[in-house]
Amino acid sequence: MATAQKRAFNQSSMQATNTYQTKGKAMTSFVGKSLVGAIALSLLGACASQPEKIQATYVSPSTYSSYSCKSIVAERNSVVNKVNELSGAQKKKATNDAVATGVALVLFWPAAFLVAAGSDLEPQIASLKGNYEALTAAGRQKGCFT
């Protein structure tokens with residue numbers, strides 16, 4: 001009887017150990033996947049934005065209230081040219097960041113931390129878009145645009 005009890009005890013102990021080991025492996029796998037996912041999301045957040053997704057910062061139209069219609073039109077054209085120039089550079093940066101992040105995560109994930117290096121033009125583009133909107137509003141108030 002004592003031998004049967006020992007066998008039953010040993011079998012239940014082994015089952016408990018196997019269950020613990022399986023749960024431990026699952027937990028380790030879950031933590032590892034979570035860590036990789038968190039790193040990937042943080043790196044994607046560090047990538048440059050596409051220029052068309054950048055929101056304008058608010059600039060008051062009263063900033064341009066002293067401008068003549070001719071000056072408003074000239075300034076607005078200058079802003080448009082600068083936005084187009086910076087948008088091209090930003091689009092290239094955003095595309096390069098996306099490709100580099102994908103490659104880095106697949107081939108050598110520590111290299112993905114270097115992707116965010118370089119200048120992001122988002123603040124300048126947002127400011128210029130805000131100035132464009134303010135110039136347009138000021139020009140409409142003055143009747144510059146028909």
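Visitor: How many salt bridges does the structure hold?

Guide: Side chains of opposite charge can pair when their charged atoms come close. In this predicted model, the structure holds two salt bridges.

Visitor: Which residue forms a salt bridge with Lys82?

Guide: The partner of Lys82 is Glu85, and their closest N and O atoms are 3.6 Å apart. An α-helix has 3.6 residues a turn, so residues three or four places apart point the same way. Here both Lys82 and Glu85 belong to helix H2, three residues apart, which is about one turn of the helix.

Visitor: Is Glu85 buried or exposed?

Guide: A residue counts as exposed when its relative accessible area is over 50%. Glu85 has 53% relative accessibility and therefore counts as exposed. Lys82, at 36%, counts as partly exposed.

Visitor: Where do the partners Lys91 and Glu52 meet, and what parts of the chain do they link?

Guide: Their side chains meet in a salt bridge of 3.4 Å, N to O. The pair links distant parts of the chain: Lys91 lies in helix H2 (residues 69–107), whereas Glu52 lies in the loop between helix H1 (2–46) and H2, 39 residues apart. Lys91 counts as partly exposed because its relative accessibility is 38%, and Glu52, at 52%, counts as exposed.

Visitor: What span should helix H3 have?

Guide: At 1.5 Å a residue, the 21 residues of helix H3 (residues 122–142) should span 30 Å. The end C-alpha atoms of H3 are 30 Å apart, which agrees. Among the buried residues of H3 are Ile125, Leu128 and Lys129. Just after H3, Gly143 has a positive phi of about 80 degrees.

Definitions and conventions:
Residues are numbered from 1 along each chain as its sequence is written. This is a predicted model: local features need pLDDT of at least 70, side-chain atom pairs count only at pLDDT 80 or more; totals for chains, interfaces and linings use all residues. Side-chain values use heavy atoms; hydrogens and water are left out. A salt bridge is a side-chain nitrogen of Lys or Arg within 4 Å of a carboxyl oxygen of Asp or Glu. Helices (H or I, at least four residues) and strands (E, at least two) are DSSP runs, numbered from the N terminus. Buried means under 20% relative accessible area, exposed over 50%, partly exposed in between (1.4 Å probe, protein chains only). The expected span of a helix is 1.5 Å times one less than its number of residues.
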